[in-house]
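Welcome! Keep the 3D view open as you go.

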Amino acid sequence: MTDRIDLSARAVDLRELMDDPHCDPATLDRTYRRFAVVNAAVSGWRAVWQTHVVPALPATGRARVLDLGCGGGDLARSLSRWARGDGFDLEVVGVDPDPRAIRAAERLSAPGVTFRQQSSAELVAAGERFDVVVSNHVLHHLDDAERDAFLRDSAVLAGSRSVHSDIRRSAAAYRLYAIGSVLVTAGTFIREDGLRSIRRSFTVPELAAALPPGWRAESASPHRVLAVRG
């Protein structure tokens with residue numbers, strides 16, 4: 001399959017199916033419900049929580065964390081669960097400008113987690129501040145101007161650290177996802193959109209070149225790239 005796919009450069013003109021405001025709502029609903037399973041397998045966030053988020057939290061153990069572009073809310077709920085297990089009193093706010101995402105996120109609750117239909121710019125305008133700002137699978141969706149604004153807002157909103165995780169584009173990532181996603185993504189957009197996401201995503205050098213001063217690009221497992229500030 002990868003022999004027919006050009007992964008030498010970002011396929012920025014590809015559009016993901018679930019980004020279409022007129023996509024089938026039932027398929028979209030199943031997609032949001034299934035994200036928790038897929039992201040738990042491929043996102044690597046448990047390790048990022050330990051290596052990048054925990055060291056940036058206040059010594060008091062009480063903190064606010066913002067999940068930008070929270071989608072169905074699975075990362076926000078996971079952060080709350082990990083924090084409780086590690087003895088932190090965490091307030092997690094998940095925001096997404098898409099009302100469909102917020103409706104999906106609010107179906108499940110978790111201690112200390114709230115969801116809002118807001119953009120990063122609106123949070124900045126409201127004077128909001130958080131100890132740590134995170135996102136998962138957002139950067140590859142954005143064009144250059146949108147990414148610059150997103151990172152600028154993230155830097156303003158984060159008192160200590162920003163960590164934005166995305167897919168690291170490679171033939172291995174594409175091949176493994178093409179094979180491994182078949183059994184858990186039926187009836188959703190996840191398989192097709194996941195393959196498109198990989199093609200739209202960054203290598204570490206590409207992301208490093210796209211980041212503004214003060215940010216760094218890091219490689220993480222499995223097949224992940226991180227944009228980190230602080």
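**Exercise 1. Find the residue in E2 that is the bridge partner of Val65.**

Step 1. Look along E2 for the partner of Val65: it is Val92. Bear in mind as you look that this is a predicted model.

Step 2. Now widen the view to both strands. E1 and E2 run parallel, and seven bridges join them.

**Exercise 2. Work out which residues of H6 are buried and how they are arranged around its axis.**

Step 1. Locate the helix: H6 covers residues 144–157, which makes 14 residues. From first C-alpha to last, H6 reaches 20 Å, close to the 20 Å expected at 1.5 Å a residue.

Step 2. List its buried residues: Arg147, Phe150, Leu151, Asp153, Ser154 and Leu157.

Step 3. Look down the axis of H6. The buried residues fall within an arc of 160°, so they line one face of the helix.

Step 4. Turn to the face pointing away from that buried side.

Step 5. Ask what the buried residues pack against. Their partners include strand E1 (62–68), helix H5 (120–125) and strand E4 (130–136).

Step 6. Finish at the N-terminal end, where Asp143 caps H6. One of the side-chain oxygens of Asp143 lies 3.2 Å from the backbone nitrogen of Ala145.

**Exercise 3. Decide whether Val156 counts as buried, partly exposed or exposed, using its relative accessibility.**

Step 1. Recall the cut-offs: buried is under 20% and exposed is over 50%. Val156 has 36% relative accessibility, so it counts as partly exposed.

Step 2. Look for its contacts. Leaving aside residues up to four places away in sequence, Val156 touches Val124 and Arg129.

Step 3. Compare sequence with space for one of these pairs. Val156 and Arg129 are 27 residues apart in sequence, and their C-alpha atoms are 7.8 Å apart.

**Exercise 4. Find out how many disulfides the structure holds.**

Step 1. The count is zero.

Step 2. Check Cys23, which is in no disulfide: the nearest cysteine sulfur belongs to Cys70, 16 Å away. A disulfide would need the two sulfur atoms within 2.5 Å.

Step 3. Look at burial. Cys23 counts as buried because its relative accessibility is 11%. Cys70 is buried too, at 6% relative accessibility.

Note on methods. Residues are numbered from 1 along each chain as its sequence is written. This is a predicted model: local features need pLDDT of at least 70, side-chain atom pairs count only at pLDDT 80 or more; totals for chains, interfaces and linings use all residues. Side-chain values use heavy atoms; hydrogens and water are left out. Helices (H or I, at least four residues) and strands (E, at least two) are DSSP runs, numbered from the N terminus. The expected span of a helix is 1.5 Å times one less than its number of residues. Buried means under 20% relative accessible area, exposed over 50%, partly exposed in between (1.4 Å probe, protein chains only). The arc is that of the directions from the helix axis to the C-beta atoms. Contact means heavy atoms within 4.5 Å. A polar contact is a pair of N or O atoms within 3.5 Å; within protein, one must be able to donate a hydrogen and the other to accept it, and residues adjacent in sequence count only if both atoms are side-chain atoms. Two strands pair if DSSP finds at least two bridges between them.
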